[in-house]
Amino acid sequence: MSTAATRTAGPDHLWTVDEHLEDILATVRPLDPIELQLLDAQGCVLVEDIMVPVSLPPFDNSSMDGYAVRVTDVAGASEEYPAVLTVIGDVAAGQAESLHVGPGETARIMTGAPLPPGAEAVVPVEWTDGGLGEGPVTGMRARSQSPEGAGGHVHVYRSAEARAHVRAQGSDVKAGDRALEAGTVLGPPQIALLAATGRGTVRVRPRPRVVVMSTGSELVQPDEQLGNGQIYDSNSFALTAAARDAGAIAYRVGAVADDAEILRSTIEDQLVRADLMVTTGGVSVGAYDVVKEALSSVGDEDEEGAGIDFRKLAMQPGKPQGFGSIGPDHIPLLALPGNPVSSYVSFELFVRPAIRTLMGLDDVHRPRTRATLTADKALTSPKGRRQFLRGTYADGAVTPVGGAGSHLVAALALADALIVVPENIESVEPGTEVDVVLLG
Ligand code: AMP
Ligand code: MG
């Protein structure tokens, strides 16, 4: 990376949260569109206007189970003086050939079935005797004798206006209308509309493939035995889940040991399936912080514009961060700090917007709101750093959970918000309005 800020800033320069984010968003570009099957396009951004090829409904059809009638045949019908009609057969949904309803006739019709020619309205079965009334052989009894439902009579107890209980052709959308606009995010209702208009595939920006890798020789996979000095790797799980939650296809690579060579070759192996890479740990100033060492020479070192810049942010947690691009395809990479809370907060603030930018979404950030701080005592925050404390938010109030320690995973699991304490504020009294990031 060679940005204005890195060119002018020395190694001790503290980047603001906003500068770091701007740098990331100025680098990451939406992925090229591809044609995807409808269900693979869920959550993706449409890049084409979708026109309706055929009207919906494609034909006039019944909105009820009932009887297709001619309006004059049922005019004035009542409980006392029902209209008695001859049932000429059944019209079921999906039935191609249709009966013709003549004067004094009716066809039993099912919801979604085409209105037969001659009929002008549908009377719901509830307005009739269902063909069971007295009289000659009735419809129901006749049905057991005749597979098409022909024969018998039905008593209709109410009149019907023309088009009653008929869903008109094109009353939903008309052929040639625009069904969906480019830029629409495809949720279940939009996918319903695409399928209803006969579209099986669509052009969208794909979900980015995000490779998540944790580093640390102390890390053990869950379900394995912990040895002395070892801890379970939680970051790679947390961030893989968070990447999926942001809309990505995420691949979790198990923890990589603190060995620059192994790390470098693992990253190079993973590049083929990555649109974005995320590492955790190994970015501070400890003797075994090998991510810096490994990432300074991943891929083609001479490549113009490639490389990872390691920097310090005026932020807590999450001070050490790396960002840049690697490999011949300049895959963006974010190297996050190792503490579980630091890596998660960094993900929410920086990786999530990057993923959503790759997807072509407009709305890349978590929503923010103002809330009243509810706490027993004042919050303290380091001078010159923007602090993100974990909290729970409800009804305009936010309550801190756990302390500021960036190892506090249990408190993180209770939180649904981040309380933002600005750089210039060192203490926040209960009752004060604060900025809150809602984690959803
Ligand atoms: P590092 O940034 O690598 O120095 O790690 C900072 C702290 O976070 C250390 O206490 C690590 O043991 C811990 N840590 C690093 N990576 C992980 C991880 N994947 N899961 C849980 N804790 C981690
Ligand atoms: Mg480490």
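A polar contact is a pair of N or O atoms within 3.5 Å. By that cut-off, a polar side-chain atom of Asn235 contacts ligand 1, because it lies 3.3 Å from a nitrogen atom of the ligand. The model is predicted. Ligand 1 sits in the largest pocket.

**Ligand 1 and its surroundings**
- There are 16 residues around ligand 1, and those that come nearest are Glu218, Asp233, Ser234, Gly282 and Gly338.
- Glu218 places a polar side-chain atom 2.5 Å from an oxygen atom of ligand 1.
- Asn339 uses its backbone instead: an N or O atom there lies 3.2 Å from an oxygen atom of the ligand.
- Taken alone, ligand 1 exposes 480 Å², and the protein buries 77% of that.
- Strand 14 (209-215) and strand 16 (231-232) are the elements that give two or more residues to the shell around ligand 1.

**Ser214**
- Ser214 is found in strand 14.
- Its relative accessibility is 1%, so Ser214 counts as buried.
- The Ser214 side chain makes a polar contact with the side chain of Asp233, at 2.9 Å. Asp233 is also one of the residues that come nearest to ligand 1.
- Beyond its neighbours within four places in sequence, Ser214 is in contact with residues including Leu219, Ser236, Val253 and Thr280.

**Ser55**
- Ser55 is found in the loop between strand 4 (50-51) and strand 5 (61-62).
- Ser55 has a relative accessible area of 14%, so it is buried.
- The Ser55 side chain reaches the backbone nitrogen of Ala175 at 2.9 Å.
- Leaving aside neighbours within four places in sequence, Ser55 is in contact with Gln169, Gly170, Val173, Lys174 and Ala175.

**Cis peptide bonds**
- Leu56 and Pro57 are joined by a cis peptide bond, with omega about -15°. Pro57 is found in the loop between strand 4 and strand 5.
- The bond from Gln316 to Pro317 is cis, with omega near -5°. Pro317 is found in the loop between strand 20 (315-316) and strand 21 (320-326).

- His165 is not a glycine, yet its phi is positive, at about 60°. His165 is in the loop between strand 10 (153-156) and strand 11 (166-167). At 24% relative accessibility, His165 counts as partly exposed.
- Asp223 is not a glycine either, and its phi is positive, at about 85°. Asp223 is in the loop between strand 15 (219-220) and strand 16. With a relative accessible area of 84%, Asp223 is exposed.

Terms used:
Residues are numbered from 1 along each chain as its sequence is written. Chains are lettered from A and ligands numbered from 1 in the order in which they are written. This is a predicted model: local features need pLDDT of at least 70, side-chain atom pairs count only at pLDDT 80 or more; totals for chains, interfaces and linings use all residues. Side-chain values use heavy atoms; hydrogens and water are left out. Helices (H or I, at least four residues) and strands (E, at least two) are DSSP runs, numbered from the N terminus. Buried means under 20% relative accessible area, exposed over 50%, partly exposed in between (1.4 Å probe, protein chains only). A polar contact is a pair of N or O atoms within 3.5 Å; within protein, one must be able to donate a hydrogen and the other to accept it, and residues adjacent in sequence count only if both atoms are side-chain atoms. Contact means heavy atoms within 4.5 Å. A residue is near a molecule or strand if one of its heavy atoms lies within 4 Å of it. Accessible areas come from the Shrake-Rupley method with a 1.4 Å probe; for residues, only the protein chains shown count as cover. On a 1 Å grid over the protein atoms alone, a cavity is a set of points where a 1.4 Å probe fits but cannot get out, and a pocket is an open set with protein on both sides within 12 Å along at least five of seven lines; lining residues have an atom within 4 Å of a point. A molecule sits in a cavity or pocket if more than half of its atoms lie within 2 Å of its grid points.
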